[in-house]
Structure formats: structure tokens, C-alpha cells
Amino acid sequence: MGIVTPGFTGRRRSDVNLPPGQYLTEDFPVLSAGPTPRIPLDAWEFVIVTETGQKHTWSWPQLMAMPSEDVTVDIHCVTKWSKLGTRWRGVPVSAFFDEVETAADFAMAVSYGGYTTNVPLDDLLDGQAWVAYKFDDDDLAPEHGGPARLVVPHLYFWKSAKWVRGLRMMLEDEPGFWETAGYHDYGDPWREQRYQGD
Amino acid sequence: MSRLAWRVAYLREVRDETPSARTLVLDVPGWPGHLPGQHVDVRLTAPDGYSAQRSYSIASAADGDAVELTVQRVPDGEVSSYLAGAYAVGDPVELRGPVGGWFVWRSGDPAPVLLVAGGSGVVPLMSMVRARAAAGSRMPFRLVYSARTPDDVMYAEELKRRALSDRGLDVSYVYTRRAPDGHGRPAGRLTAVDLAEWGWPPEFEPAVFVCGPTGFVEAAADLLVDAGHDPRRIKTERFGPTGG
């Protein structure tokens with residue numbers, strides 16, 4: 001426990017279990033580092049590049065034709081808000097790997113607009129991550145990462161790359177955009193891995 | 001890399017900025033310094049061990065152990081209402097940082113700077129204005145500051161003074177609800193014309209920093225991109241209603 005702050009009592013305690021240092025919000029705040037890119041669907045593509053340079057590309061119609069899942073998950077942003085029970089529709093990342101051969105343990109998610117974030121491949125498979133294109137039954141809004149974003153709810157939400165364009169497979173872990181700027185390479189909210197060294 | 005440690009900071013002084021915002025001048029023994037635009041995490045702990053954390057942008061330029069935060073009271077804000085209310089001179093608070101290596105201005109960057117502030121989004125931009133002066137930089141800076149009314153302008157006196165004394169710094173105001181008499185520009189939201197008139201042309205390849213509430217940042221960044229600014233030169237930071 002930290003030192004007691006004189007005169008601070010805080011709000012009524014919530015009975016939900018949140019990761020350390022998080023608070024509940026009903027809003028859906030936006031966090032991004034630059035202008036919101038606008039990607040026309042006929043130009044959209046999702047590309048996995050393996051460590052040997054092999055490229056696998058999906059177009060928007062191909063994405064729509066893949067079996068999707070509806071998931072309801074809690075999300076936790078490193079800026080301290082958590083939002084419970086968010087509803088998404090997307091294609092599980094595992095589905096893309098059905099036709100990809102890779103020995104890499106790490107992936108760099110790459111976005112339109114230049115954003116990147118690193119995630120271990122194991123954290124993207126087995127029903128842990130989706131390429132999501134609907135939120136609450138609506139098309140995903142551009143400021144929330146539309147037309148499609150990664151959703152990796154068990155990690156801090158900056159790992160859920162907005163405007164995702166693909167994955168670059170890596171044999172060694174490399175820091176992405178926020179990770180280079182001092183944020184944690186893995187980002188587990190339950191272990192409060194906000195910053196490098198946490 | 002070693003963990004960013006929690007430090008104990010003590011409130012040295014308070015300055016009211018607007019009816020709903022105040023600046024906390026904190027003493028942070030051992031503070032390592034910071035870059036303008038970085039933020040800190042503040043942690044409050046109740047007697048029963050319950051704690052709450054929020055992030056706040058730093059308002060001051062690096063200056064020894066002193067760190068200034070400007071806290072806008074958010075309706076129903078658990079942390080902001082304490083920091084802008086009961087928190088008193090001499091009281092401790094826990095803090096860690098500085099955090100963030102993206103939304104920062106470095107005095108060696110050879111590009112002119114455009115700062116676009118919406119409301120309390122001026123805080124990290126003020127840190128840049130102050131750091132520029134502290135570094136003796138002559139880099140041309142333009143601040144376009146959107147506030148609801150003249151009463152909502154933070155750092156009003158200092159900005160007025162700096163606009164005269166800090167050579168190469170221009171400050172322009174956009175009032176969205178009520179402009180002062182003689183302002184010349186009717187009240188209303190930030191427009192492309194405002195940015196064309198008071199910002200830099202895209203050909204100057206300025207470094208652009210936009211900070212404010214999400215709607216403001218989205219609108220301002222879109223206007224800048226539409227005007228021809230390279231999206232890669234536009235850095236954004238948002239203050240949500242949940243920042244409190």
C-alpha cells in the first residue's frame with residue numbers, strides 16, 4: 001500500500017474486480033498518437049509477412065467471407081480506464097494462420113498511419129485475439145480503429161492496434177511505437193506492466 | 001530497464017488558473033527532469049488502502065525538483081476533485097514519471113512549431129512554450145488556443161506577457177462560446193481559416209502538436225491533414241472526460 005493521502009477517501013468501492021490502478025468508465029475514450037487515417041474498403045488489405053519474407057494478403061471481401069465470432073470482453077487502457085463487457089465482431093487471428101507457416105515467436109502489428117505494436121504470437125492465437133470490424137453491432141468508427149483493428153483484450157489496449165494492416169513475424173522481439181516511447185513490451189494489466197521495467 | 005519508481009511529492013504552492021482549474025506546484029525530491037509534453041501518474045491512497053491513479057500532463061519546464069501540474073476539475077472526478085479541492089499545501093501525494101516519449105518537443109528539433117490547444121489541452125503545450133524560453137530557443141512557435149470564453153483561458157497573464165517578451169512566439173485565441181469585446185473573430189469552433197491564418201503553411205513542414213478533448217483533436221487534426229500537413233508531423237494527445 002502507498003502512503004495515505006490526507007483527506008482522500010475516494011469513491012464508493014466498486015464490487016467488480018479491476019486490474020491494479022484501473023478505474024471503470026462507461027465512455028469509450030480515444031487514445032491515438034496522430035490524425036485518424038481514413039482507409040477506403042476497396043484499398044484495404046491485411047498482410048502477414050513471415051520471417052522468410054513470404055506474404056499472405058487478404059482483401060476486405062475475403063475478410064468478410066471468413067467465419068467471424070462475436071465476443072464480449074473487458075478492455076483496459078494504460079491511461080487507467082477500464083471498460084467492461086465491450087462487444088465486438090471479428091475474425092480470430094488464428095484463422096489467418098491456418099495458411100501461414102512461421103517459426104517466429106513474435107509479431108509486430110502494423111497499422112495504416114504507421115503505428116506499430118509488438119505482441120508474442122502465442123498471445124494472438126487460441127481465441128485470445130481478433131481482427132475486429134464491428135463494435136456494438138455497428139461498423140467500427142475510424143476514431144476507434146475502423147475499418148478494422150486488432151482486439152487483444154488480455155493485454156493493455158494499446159496492443160489492440162487500430163487501423164491494423166497486418167502482422168510482421170519476428171524471430172526476436174522488437175519494440176513497437178509506444179514500447180519505444182517507454183511503455184512495456186508485454187503489457188499485462190493484471191501485473192500492471194505499464195512502463196518499461198514494470 | 002529499472003522500474004519507474006513511485007516518489008513522494010509535496011504540495012508547495014497553488015495557483016488558480018480558472019474557476020475550475022488550478023496549478024499545483026509540487027516538490028519532488030530527486031526528480032530526474034522531464035521533456036515538455038511528458039506526463040506523470042499520480043496515485044492517491046485512502047486510509048483503508050483503496051487507491052486511485054490518473055495521468056496528468058506536466059505544465060512546467062524542467063526546473064530542479066519542482067513539477068507543476070494543472071488540474072481541471074472534472075464533474076464527478078474522483079482524483080481531480082481532490083487535487084483541485086481538499087489537497088493542501090504541505091500534503092504528500094505519490095507520483096511517478098516522467099512518462100511518454102512521443103508527444104514531446106525537443107529543443108534541438110529544427111522545425112518551426114505549431115501548437116493547437118483545446119481547453120485544458122493547453123497544459124502540455126504550455127510546458128513546451130516554457131521550455132522554449134528556458135532553453136533560450138528562438139525557434140518560431142505559434143500557439144492557437146481554443147477556449148470557451150476568456151474566463152476559461154489558463155495561464156492568461158503569462159501568455160499575454162510571453163507573447164510580448166518571448167521573441168518568435170505568437171499566441172492566437174479562438175473562443176467557441178463568447179469572445180471578448182474587440183476580439184475581431186466571432187465566437188465559434190476552430191476552422192480551417194483560423195489554422196491557415198494563425199498556423200504555419202504546410203510547406204514550412206512544422207512540427208505540430210494538437211491537444212484537447214477527443215472531438216477537438218479529431219477535428220483539428222483533420223483540418224490540418226486536409227490543409228496539406230503531413231500526418232506524420234502531427235502529434236496528438238487527448239484529454240477525455242474520464243481524465244479526472
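The questions and answers below concern a predicted model with chains A and B.

Student: Which two domains does the assignment give for chain B?
Tutor: The assignment for chain B comes as residue ranges. Their C-alpha centres lie 24 Å apart. The ranges are domain 1 (7-99) and domain 2 (113-238).

Student: In what order do the strands of the parallel sheet in chain B run?
Tutor: This open sheet of chain B has 5 strands. Strand S9 (169-175) and strand S11 (234-238) of chain B each have a single partner strand, so they stand at the edges. From one strand to the next the twist averages 15 degrees. The order is S9-S8-S7-S10-S11.

Student: Which residue is the bridge partner of B:Leu114 in S10(B)?
Tutor: Strand S7 (residues 113-118) and strand S10 (residues 207-212) of chain B are paired in the parallel sense, over 5 bridges. The bridge partner of B:Leu114 in S10(B) is B:Val208.

Student: What is the bridge partner of B:Val42 in S4(B)?
Tutor: Strand S3 (residues 39-45) of chain B runs antiparallel to S4(B), and 7 bridges join them. In S4(B), B:Val42 has as its bridge partner B:Arg54.

Student: Which elements give two or more residues to the side of domain 1 of chain B that touches domain 2 of chain B?
Tutor: The contact involves 13 residues of domain 1 and 14 residues of domain 2 of chain B. On the domain 1 side there are 6 nonpolar, 6 polar and 1 charged residues. The elements that give two or more residues to that side are strand S1 (7-18) and strand S5 (66-72) of chain B.

Student: Which element gives the largest share of the largest nonpolar core?
Tutor: Of the 71 residues in this core, those that touch the most other members include B:Leu115, B:Leu143 and B:Phe209. Domain 1 (7-99) and domain 2 (113-238) of chain B both give residues to the core, so it lies between them. The largest share is 7 residues, and it comes from H2(B).

Student: Is B:Val104 buried or exposed?
Tutor: B:Val104 is in the loop between strand S6 (92-99) and S7 of chain B. Beyond its neighbours within four places in sequence, its contacts are B:Leu35, B:Pro36, B:Gly37 and B:Gln38. Because 20 other C-beta atoms lie within 10 Å, B:Val104 is buried.

Student: Where is the residue B:Tyr155, which has a positive phi?
Tutor: B:Tyr155 is not a glycine, yet its phi is about 55 degrees. It counts as buried, with 23 C-beta neighbours inside 10 Å. Its place is the loop between S8 and helix H3 (156-165) of chain B.

Student: What is the phi of A:Lys80?
Tutor: A:Lys80 is in the loop between strand S4 (69-76) and strand S5 (81-92) of chain A. A:Lys80 is buried, with 22 other C-beta atoms within 10 Å. The value is positive in a residue other than glycine, and phi is near 100 degrees.

Student: Where does B:Pro98 lie?
Tutor: The peptide bond that joins B:Gly97 and B:Pro98 is cis, with omega about 0 degrees. B:Pro98 lies in strand S6 of chain B.

Student: How many residues does chain B give to the contact with chain A?
Tutor: Chain A gives 36 residues to the contact. By class, this chain A side has 14 nonpolar, 16 polar and 6 charged residues. From chain B the contact takes 43 residues.

Definitions and conventions. Residues are numbered from 1 along each chain as its sequence is written. Chains are lettered from A and ligands numbered from 1 in the order in which they are written. This is a predicted model: local features need pLDDT of at least 70, side-chain atom pairs count only at pLDDT 80 or more; totals for chains, interfaces and linings use all residues. Two residues are in contact if their C-beta atoms, placed from the backbone, lie within 7 Å. Ala, Val, Leu, Ile, Met, Phe, Trp, Tyr, Cys and Pro count as nonpolar, Asp, Glu, Lys and Arg as charged, and the others, Gly among them, as polar. Two strands pair if DSSP finds at least two bridges between them. Helices (H or I, at least four residues) and strands (E, at least two) are DSSP runs, numbered from the N terminus. Axes are lines fitted to C-alpha atoms, for helices over the stretch in contact, and angles run from 0 to 180 degrees between N-to-C directions. Domain bounds come from an automatic or database domain assignment. A residue is buried if 20 or more other C-beta atoms lie within 10 Å of its own, exposed if 12 or fewer, and partly exposed in between; C-beta atoms are placed from the backbone. A nonpolar core is a set of buried Ala, Val, Leu, Ile, Met, Phe, Trp, Tyr and Cys residues joined through C-beta atoms within 7 Å.
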